[in-house]
Amino acid sequence: MKEENHLNISKSIFLIPVVYIVAIWFIYWIEIQFDINFNKYGVFPRTFVGFRGVFLTHFIHSNVSHLFNNSIPLFVLLSSLFYFYREVAYKVLLFGGFFTGFITWCIAREAYHIGASGIVYLLFSFVFFSGIIKRHFRLVALSLIIIFLYGSMIWYVLPIKEGISWEGHLSGFIVGFLFAFTFRNKGIIREEHQFIETEFDTLFDEHGNFAPPKVEEELSDESDN
């Protein structure tokens with residue numbers, strides 16, 4: 001896809017980020033307003049009932065701090081996804097979200113795993129690695145900005161802090177990397193330079209030596225005198 005057609009700012013770029021963030025805040029408001037706890041709808045590994053969390057976990061949060069900490073990076077990363085990777089944005093978000101939850105369901109310790117952190121790590125990983133793999137200057141610049149803003153998150157794919165789902169973080173990070181490689185030829189890609197021969201180039205031979213063409217054997221030795 002041509003870059004000038006791809007990088008057009010429109011309201012639709014911010015539609016999904018805003019809708020998603022409003023949705024997770026609204027769901028938390030319902031919990032508070034009606035004194036309901038949705039934690040049991042999160043991922044509970046390797047159980048049939050717990051499998052529903054693969055689809056629901058990204059919308060459930062434990063407290064305001066948890067929700068707020070996910071909201072800002074979600075908006076930044078989702079906006080980046082739909083602006084720079086519009087062609088594959090829905091696939092990354094929907095299928096990536098599913099596989100993030102599924103891997104968490106497979107590998108996590110026995111506890112309820114909730115929160116949009118898996119999506120945050122999915123998007124962080126996809127945006128960062130995609131820019132590096134494609135080697136497009138705009139996308140590389142975006143990758144550097146992302147690592148500057150959220151690079152410290154990488155430590156939380158390891159079990160360094162009790163009470164967080166590092167398994168969900170790791171799952172999202174792995175899926176994001178795999179999707180970056182899978183979609184490396186989609187969206188904005190670096191165009192290879194195409195050499196076009198000019199008249200000036202004909203003055204040199206294949207070894208780069210100056211060898212201008214002779215003008216019809218000096219006009220046939222000036223028409224044999």
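Modeller: Buried means under 20% relative accessible area, exposed over 50%, and partly exposed in between, with a 1.4 Å probe and protein chains only. This is a predicted model: local features need pLDDT of at least 70, side-chain atom pairs count only at pLDDT 80 or more, and totals for chains, interfaces and linings use all residues. Residues are numbered from 1 along each chain as its sequence is written, and side-chain values use heavy atoms, without hydrogens and water.

Colleague: Why is Phe102 called partly exposed?

Modeller: Its relative accessible area is 30%. That lies between 20% and 50%, so Phe102 is partly exposed.

Colleague: What makes Trp105 count as buried?

Modeller: Trp105 has 18% relative accessibility, under the 20% limit, so it counts as buried.

Colleague: Why is the aromatic pair of Phe102 and Trp105 called stacked?

Modeller: Rings of Phe, Tyr and Trp (its six-membered ring) pair if their centres lie within 6.5 Å; planes under 30 degrees apart count as stacked, over 60 as edge-to-face, the rest as tilted. Phe102 and Trp105 are 6.1 Å centre to centre, with 20° between the planes, so they are a stacked pair.

Colleague: Why is the pair of Phe128 and Phe129 edge-to-face?

Modeller: The ring centres are 5.1 Å apart and the planes stand at 70°, over 60, so the pair is edge-to-face.

Colleague: How do you know that H2 is roughly antiparallel to H4?

Modeller: Helix H2 (residues 12-33) and helix H4 (residues 64-84) pack at an angle of about 165°. Angles under 35 degrees count as roughly parallel, over 145 as roughly antiparallel, 65 to 115 as roughly perpendicular and the rest as oblique. Therefore H2 is roughly antiparallel to H4.

Notes: Axes fitted to C-alpha atoms, helices over the stretch in contact; angles between N-to-C directions. Helix = DSSP H or I, 4+ residues; strand = E, 2+ residues; numbered from the N terminus.
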